[in-house]
Amino acid sequence: MKIIAVNGSHRKGKNTALMLNTVLEEAAAQGAAVELLELSDYNIKHCLSCNKCLGRPQCSITDDDMAGIAEKLLEADGIVLGSPVYWANVTALMKNFMDRTRYMHMTQNMLAGKVGAAVTIAGLRNGGQEMALRMMEFFLTAQGLLVVDPRGQEGPIMYGAAAGSLLADVQDGKILWRKSIMEDEAAILACRQLGRNMVNLISKLKK
Ligand SMILES: Cc1cc2nc3c(=O)[nH]c(=O)nc-3n(C[C@H](O)[C@H](O)[C@H](O)COP(=O)(O)O)c2cc1C
């Protein structure tokens, strides 16, 4: 079983990567092979809107890194997307990645039946986490993936793994921020649960 995480953060290894790695660590503890893909490492050109993918399951842009990324998506049983919130939405990197996968579902549903999940983080409370999560979940559903959320056996703690940097506390006239998103305990619990839920569903589907 292979689970791949796709990080749309413009900052490699920061909060979004920490959340994705938490999902992957838990999935690995349940036996999955895992890989984190940082989109910022790759050259991904913008979609040209040439519409060639309406007639064939192939992108007309071939001189960038997207084909290699697509290969990794096709190999995986599970795909977890992560994006920080930029203007109450996903980042430009994540959106560009989504645009370039259009050929994967216009004439064939190449990713159908895989398990999908999403995580997000924003600076503020109510900073747009729900919008960004819904964007990623919409994308995954439209691509035919089965989307899991971080519900645990004891019940839901949040709808979607969403974190926030704001500590919501003002001391000496200064707003306090979490130093690392690992301090947002509820969000980290949700990431761990997401990892377990992905592995559970993939195991059931493989039976
Ligand atoms: C261009 C830009 C737009 C942002 N827009 C929002 C926003 O709409 N709401 C919010 O709460 N935080 C916003 N943020 C803050 C990021 O979501 C936050 O810094 C996040 O931790 C970045 O994730 P990273 O550590 O993976 O880079 C924005 C940051 C940038 C750079």
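In helix α1, the residues Met19, Thr22, Val23, Glu25, Glu26 and Ala27 meet Ile188, Cys191, Arg192, Leu194, Gly195, Arg196, Met198 and Val199 of helix α6, where contact means heavy atoms within 4.5 Å. By class, this contact of α1 with α6 has eight nonpolar, two polar and four charged residues, with Ala, Val, Leu, Ile, Met, Phe, Trp, Tyr, Cys and Pro counted as nonpolar, Asp, Glu, Lys and Arg as charged, and the others, Gly among them, as polar.

The model is predicted, so that local features need pLDDT of at least 70 and side-chain atom pairs count only at pLDDT 80 or more, while totals for chains, interfaces and linings use all residues. Residues are numbered from 1 along each chain as its sequence is written, and side-chain values use heavy atoms, leaving out hydrogens and water.

The axes of α1 (residues 15-29) and α6 (residues 185-206) come within 7 Å and cross at roughly 45 degrees. That makes α1 oblique to α6, since angles under 35 degrees count as roughly parallel, over 145 as roughly antiparallel, 65 to 115 as roughly perpendicular and the rest as oblique.

The ligand has 15 residues around it, of which Arg11, Thr16, Val85, Trp87 and Gly127 come nearest; a residue is near if one of its heavy atoms lies within 4 Å.

| Residue and atom | Ligand atom | Distance |
|---|---|---|
| Ser9, side-chain N or O | oxygen | 2.9 Å |
| Thr16, polar side-chain atom | oxygen | 2.7 Å |
| Trp87, backbone N or O | nitrogen | 2.9 Å |

Definitions and conventions: Axes are lines fitted to C-alpha atoms, for helices over the stretch in contact, and angles run from 0 to 180 degrees between N-to-C directions. Helices (H or I, at least four residues) and strands (E, at least two) are DSSP runs, numbered from the N terminus. A polar contact is a pair of N or O atoms within 3.5 Å; within protein, one must be able to donate a hydrogen and the other to accept it, and residues adjacent in sequence count only if both atoms are side-chain atoms.
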